[in-house]
Amino acid sequence: MLLPPKVTPRAFARLAKLNAQEATPRALRVAVEGGGCSGFQYDLKLEEVAAPDDLVIEGEGQRVLIDPVSLPFLQDAVIDYTQELIGARFVVQNPNATASCGCGISFSMA
């Protein structure tokens, strides 16, 4: 049984702030694609419409979308929003990743 990813209140709050200025609210899509310096990479973008087979995680009136192909790679992961000296961004803390690159976007799995 797959444990879906968790989304932090901080990530939902940031998404709400982004959507406060939009006529049509957008969801955060979190996908995993082949590529990057470690084998896989996260693709995070805002979308208006969910696909019929997406997992939709809702909180604070916001939505995060995950496609069924990406879901096994994101099992029990945490989707968060962080602000650091190098910038602010959505991040994925993935317990399934065995290695990742310095940027945090690319990872590998055993």
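**L74 and its surroundings**

A: L74 touches L3, P5, V30, V32, Y42, I66, V92, N94 and N96, leaving aside residues up to four places away in sequence; a contact here means heavy atoms within 4.5 Å. This is a predicted model, in which local features need pLDDT of at least 70 and side-chain atom pairs count only at pLDDT 80 or more, while totals for chains, interfaces and linings use all residues. Residues are numbered from 1 along each chain as its sequence is written, and side-chain values use heavy atoms, with hydrogens and water left out.

L74 belongs to the largest nonpolar core, a group of 18 residues in which V30, V64, L74 and I79 have the most contacts. A nonpolar core is a set of buried Ala, Val, Leu, Ile, Met, Phe, Trp, Tyr and Cys residues joined through side-chain atoms within 4.5 Å. Buried means under 20% relative accessible area, exposed over 50%, and partly exposed in between (1.4 Å probe, protein chains only). At least two residues of this core come from each of α1 (9-19), β2 (27-34), β5 (62-66), β6 (78-84) and β7 (87-93). In soluble globular proteins, nonpolar side chains tend to be buried together.

The protein chain has 1 helix and 9 strands, arranged along the sequence as β-α-β-β-β-β-β-β-β-β. Helices (H or I, at least four residues) and strands (E, at least two) are DSSP runs, numbered from the N terminus. Of the 110 residues of the chain, 35% count as buried. Among contacts between residues at least 6 apart in sequence, 51% join residues at least 24 apart.

A salt bridge is a side-chain nitrogen of Lys or Arg within 4 Å of a carboxyl oxygen of Asp or Glu. E47 and R29 form one of them through their side chains (2.8 Å, N to O). This pair links distant parts of the chain, with E47 in strand β3 (residues 40-47) and R29 in strand β2, 18 residues apart. R29 counts as buried, at 9% relative accessibility. E47 also meets K45 in a salt bridge (4.0 Å, N to O), and K45 is partly exposed, at 37%. R29, D43, K45, E47 and D54 are linked in a network of salt bridges.
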